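Good morning. I will take one model today and go through a few of its parts in turn. Please have a look at it first.

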Amino acid sequence: MTAFADTLRHWRTTRRFSQLDLAGAAQVSARHIAFLETGRANPSARMVRRLADALDLPLAARNQLLTLAGFAAPHGGRHWDDPAMALVRAAVTHMLTGHAPYPALAVDRLWRVMAFNPPAARLFAVLGVALGDSLLDLMLSPGLPAMIENWAEVAHHAALRLRTESAAQGGVPELDRAAVALAGIGSTVAPVSGPVVPTVFRFGEQRLALFALLAQFGTPDDVLLDDFRIELYFPADAESDAVLRAFAA
């Protein structure tokens, strides 16, 4: 048995593929898949890429499979402040800045804040979140429920999103732990009638209802950007729109 074989089997079962399913998607024989998973056959780099495509693996997992098979990892893992990321940072800044007076921010795979626009910086400062902090810590903080009017609904939908993101990445312990904690809070949520579920903040007498739209890179070739998300917040009612515009003024 090899580390490559174990990792391939892990991803196949995570994606709920049988060996026959994977063989069909990768256009190889089921026998060859069985040999790869028992270590009786060694894959070529081209075969690893075909398996990764068939399993729709994230870039980090593609790098790992290729490395375990003895090949170089093709996808970069740059830092956010890397000079090669300058155009990417400029694009993100353009989106965040243009979204004002509404809040917008960018987060990585563990929900760490990579960038804010000024409205988001003001809003999240009230919540105790600064650049580099993780929104997972915010979601699990004891003080947050008192600031959100519909906390059970928000926790329920956050747990669903965390589970989806973790599954797509093959299981991320940090996301899974947060999902379990939040799912328990929102276990008795009733269905809602609207098209989206807003987060309704309460700061003293002030009410702010926001819903989010998520954006991501369409053709990432860097591990950081593969799971990078831009969160654009919009007012869920006229009152909240007026509050945000007043903040900007």
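I start with a term: a residue is buried if its relative accessible area is under 20%, exposed if over 50%, and partly exposed in between, using a 1.4 Å probe and protein chains only. What you see is a predicted model, in which local features need pLDDT of at least 70 and side-chain atom pairs count only at pLDDT 80 or more, while totals for chains, interfaces and linings use all residues. Residues are numbered from 1 along each chain as its sequence is written, and side-chain values use heavy atoms, with hydrogens and water left out.

Take T7 to begin with. Because its relative accessible area is 12%, T7 is buried. T7 sits in helix α1, residues 3-14. Helices here are DSSP runs of H or I with at least four residues, strands are runs of E with at least two, and both are numbered from the N terminus. What does the side chain of T7 reach? The backbone oxygen of A3, at 2.8 Å. That is a polar contact, a pair of N or O atoms within 3.5 Å; within protein, one must be able to donate a hydrogen and the other to accept it, and residues adjacent in sequence count only if both atoms are side-chain atoms. Neighbours within four places in sequence aside, T7 is in contact with Q64, L65 and L68, where contact means heavy atoms within 4.5 Å.

Next, helix α2, residues 19-26. Its buried residues are L22, A23 and A26. Seen down the axis of α2, these fall within an arc of 100 degrees, so they line one face of the helix. The arc is that of the directions from the helix axis to the C-beta atoms. L20 and G24, on the other side of α2, are exposed. What covers the buried residues of α2? The cover includes α1, α3 (30-38) and α4 (45-55). After α2 comes Q27, with a positive phi near 60 degrees.

Now the salt bridges. A salt bridge is a side-chain nitrogen of Lys or Arg within 4 Å of a carboxyl oxygen of Asp or Glu. The structure holds 13 of them. In one of these, the side chains of E37 and R12 meet at 2.5 Å, N to O. This pair links distant parts of the chain, with E37 in helix α3 and R12 in helix α1, 25 residues apart. E37 and R12 are both buried.

Another salt bridge joins E231 and R161, whose closest N and O atoms are 2.8 Å apart. E231 lies in strand β5 (residues 229-235) and R161 in helix α9 (residues 151-168), 70 residues apart. Both E231 and R161 are buried.

Then there is E239 with R207, where the closest N and O atoms are 3.8 Å apart. E239 belongs to helix α12 (residues 238-248) and R207 to strand β4 (residues 206-215), 32 residues apart. Is E239 buried or partly exposed? At 42% relative accessibility, E239 counts as partly exposed, whereas R207, at 19%, counts as buried. Salt bridges that share partners also join D6, R9, R12 and E37 into one network.

Last, a pair of strands. Strand β1 (residues 104-107) and strand β2 (residues 113-116) pair in the antiparallel sense over 3 bridges; pairing requires that DSSP finds at least two bridges between two strands. The bridge partner of L105 in β2 is F116. β1 and β2 form a hairpin with 5 residues between them, and W111 in the turn has a positive phi of about 65 degrees.
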